[in-house]
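Student: Could you take me through one part of this structure closely? I would like to see how it sits among its neighbours.

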Amino acid sequence: MPTIETFITEGHSDGRKQQLIESLTQAVVTSVDAPADSVRIILTEVPDGNFGVGGKAAELNPQAVLQAFLIAGRTDAQKVELIAALTDAAVTGLEARREDVRVIIKDVPNTDFGLGGKTAAALGRGIGRAAMRGPV
């Protein structure tokens, strides 16, 4: 289920984007012990003038904002490791400055995520499934 929605400044080659997808996937696999085939990476290129910092359109030095959607239940240590690994992948893959990379983790209860028309909870997926469902 881990889905990494990645907003990057435009202008990177297809080869660089492929390397970034591979690096981000490996960062997730290593950090939160997810199988590679469950990791989804979405790259969205942001055109010049459509990325702002401090109320002003940012210059086109490489920037990245990554949102990591995870089924809730990962430990704080896993999240710390994931933030560091995703940041490293973006810095290396985009030749971005570390301070120009933002990572946001969004924990999604397994009752609020679906696969094939069923909730992850109904499919028996998730970390600490019983705890995440709440009272029955």
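Tutor: Start with helix 1. Its buried residues pack against strand 1 (3-9), strand 2 (40-46), strand 5 (64-71) and helix 2 (76-94). Some ground rules come next. This is a predicted model, where local features need pLDDT of at least 70, side-chain atom pairs count only at pLDDT 80 or more, and totals for chains, interfaces and linings use all residues. Residues are numbered from 1 along each chain as its sequence is written, and side-chain values use heavy atoms, with hydrogens and water left out.

Now the terms. Helices (H or I, at least four residues) and strands (E, at least two) are DSSP runs, numbered from the N terminus. Buried means under 20% relative accessible area, exposed over 50%, and partly exposed in between, with a 1.4 Å probe and protein chains only. Contact means heavy atoms within 4.5 Å.

Look at the helix itself. Helix 1 has 19 residues. From its first C-alpha to its last it reaches 27 Å, close to the 27 Å expected at 1.5 Å a residue. That expected span is 1.5 Å times one less than the number of residues. Its buried residues are K17, L20, L24, T25, A27, V28, S31 and V32. Seen down the axis of helix 1, these residues fall within an arc of 155°, so they line one face of the helix. The arc is that of the directions from the helix axis to the C-beta atoms.

Pick out L24 on helix 1. L24 is buried, with a relative accessible area of 0%. Leave aside its neighbours within four places in sequence, and L24 is in contact with T6, I41, L66, L86 and A89. Take T6 from that list. T6 and L24 are 18 residues apart along the chain, and their C-alpha atoms are separated by 9.6 Å.

Move along to S31. S31 is in helix 1, which covers residues 14-32. S31 is buried too, with a relative accessible area of 4%. Its side chain reaches the backbone oxygen of A27 at 2.7 Å. That is a polar contact: a pair of N or O atoms within 3.5 Å; within protein, one must be able to donate a hydrogen and the other to accept it, and residues adjacent in sequence count only if both atoms are side-chain atoms. Not counting residues up to four places away in sequence, S31 touches Q78, E81, L82 and A85. Helix 1 is followed by D33, whose phi is positive, near 55°.

Next, the strands. Five of the seven residues of strand 1 are buried, and strand 1 is mostly covered. Strand 1 and strand 2 run parallel, joined by seven bridges. Two strands pair if DSSP finds at least two bridges between them. Strand 1 and strand 5 run antiparallel, with six bridges. Here the partner of E5 is Q67 in strand 5.

Strand 1, helix 1 and strand 2 make a right-handed β-α-β unit. A crossover is right-handed if, with the strands pointing away from the viewer, the path from the first strand over the helix to the second runs clockwise.

Finally, step back. The protein chain has three helices and eight strands. From the N terminus on, they run β-α-β-β-β-β-α-β-β-β-α. Buried residues make up 39% of its 136 residues.
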